[in-house]
Amino acid sequence: MKQPVKDNYIIAKPFVKWAGGKGSLISQLIGNLPQDFAEQPNVTYIEPFVGGGAMLFYMLTHYPNIKRAVINDVNEDLINCYLLIKNDPEKLIASLREIKEEYYQLATIEAKSHYYYQMREKYNNEELAKDKRAACFIFLNKTCFNGLYRVNTNGKFNVPFGQYDHPNICDEELIMACHRELQKVDIYVGGYKNITRHFGRRYNFIYIDPPYRPLSGSACFIEYTHNIFDDVEQEKLKAYCDTLTQKGCKIMQSNSNSLDDNGESYFAKLYNAYTIKQILAHRFINAHAGKREKETELLIMNY
Ligand SMILES: C[S@@+](CC[C@H](N)C(=O)[O-])C[C@H]1O[C@@H](n2cnc3c(N)ncnc32)[C@H](O)[C@@H]1O
């Protein structure tokens, strides 16, 4: 498929597939930015749970008034990729090219599967240089089942082989497009609160996309890391949003349209002083054909 181009360059977008990726929801997110957003001359754009960065790359490529951005994620290997793409993309591309050439020479799906499991073993158990580790991470993302990132209780990546015909293991143009956009981005690894001291002086816009609360029940089942994002974490995040609101930051948060044990909206209660809108998620509630109803999710805003 041809990639979208601007000024002869392809446009930056996520370089990995990521669970909870916001690519299909962008127009609904943009439609709910603060009304004065585009007129602000000097915006700092902040994403404490950046993941694949679908919203980040969209914002960087469409809003020139974003003068600086700050991103963070708790996933060290994901952030290692962002840092290499920002600072040393050629080194990453060289490592990815090596893997791509080895992989494409393998004639059968069995041989490719064997190679995949060898790489997974290496990723889980060997000390690797930063560029090799990032290349291994991107290779696994492109060839594993559904581009999932999931770890077991020991923190080991455990997603099976995905059996794709032509995975795009080394997308050089895309890496360079992301490299250009990341020049104005400060990149951090760790818990989401760590980046507060790096916010801008004036107009801070924060897009918060945490692990979603399940539609009912309380523990997050998406294992991005081996730490569970449960209701205690959702409540701490709410307290953090209150602190940022007091500092004058504009906040937009995505989360699920989850119900509490009484069948009432969990987030409407928790964020009762905030603006909450339902948007259409690109998932279906009911998997049976004919009865398909689109799931909704929430945008929680302090403006
Ligand atoms: C819903 S995903 C974000 C998806 C992203 N918006 C995208 O478009 O790909 C949630 C992210 O939060 C990260 N995460 C989980 N717990 C965290 C924490 N306590 N602090 C910072 N990041 C965390 C996960 O590693 C994951 O990448």
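Helix axes here are lines fitted to C-alpha atoms over the stretch in contact, and angles run from 0 to 180 degrees between N-to-C directions. Helices (H or I, at least four residues) and strands (E, at least two) are DSSP runs, numbered from the N terminus. The model is predicted: local features need pLDDT of at least 70, side-chain atom pairs count only at pLDDT 80 or more, and totals for chains, interfaces and linings use all residues. Residues are numbered from 1 along each chain as its sequence is written.

The chain holds 9 helices and 9 strands. Its radius of gyration, taken over C-alpha atoms, is 20 Å, close to the 19 Å that the globule rule (2.2 Å times the number of residues to the power 0.38) gives for 303 residues, so the chain is as compact as a globular protein of that length. Along the principal axes, the C-alpha atoms fill a box of roughly 60 × 45 × 40 Å.

Helix α4 (residues 89–105) packs against helix α6 (residues 130–143) at an angle of about 55°, and their axes are 9 Å apart. The two helices are therefore oblique to each other; angles under 35 degrees count as roughly parallel, over 145 as roughly antiparallel, 65 to 115 as roughly perpendicular and the rest as oblique. The crossing of α4 and α6 is right-handed, where a crossing is left-handed if the near helix is turned anticlockwise from the far one by less than a right angle, and right-handed if clockwise. K91, L92, S95, L96 and I99 of α4 meet D131, K132, A134, A135, I138 and F139 of α6, with contact taken as C-beta atoms, placed from the backbone, within 7 Å. This contact has 7 nonpolar, 1 polar and 3 charged residues; Ala, Val, Leu, Ile, Met, Phe, Trp, Tyr, Cys and Pro count as nonpolar, Asp, Glu, Lys and Arg as charged, and the others, Gly among them, as polar.

Helix α4 also meets helix α7 (residues 172–181), where the axes come within 10 Å and cross at roughly 160°. That makes α4 roughly antiparallel to α7. This crossing is right-handed. P89, L92 and I93 of α4 form the contact with E172, I175, M176 and H179 of α7. By class there are 5 nonpolar, 1 polar and 1 charged residues.

Helix α6 has a further partner in helix α3 (residues 76–87), at about 115° and with the axes 9 Å apart. α3 and α6 are therefore roughly perpendicular, and α3 passes α6 in a left-handed crossing. On α3 the contact involves D77, N80, C81 and L84, and on α6 K130, D131, R133, A134, F137 and I138.

The ligand is surrounded by 22 residues, the closest being W18, G20, F49, G51 and G52; a residue is near the ligand if its C-beta atom, placed from the backbone, lies within 6 Å. The shell divides into 11 nonpolar, 8 polar and 3 charged residues.

Technical notes:
Contact = placed C-beta atoms within 7 Å.
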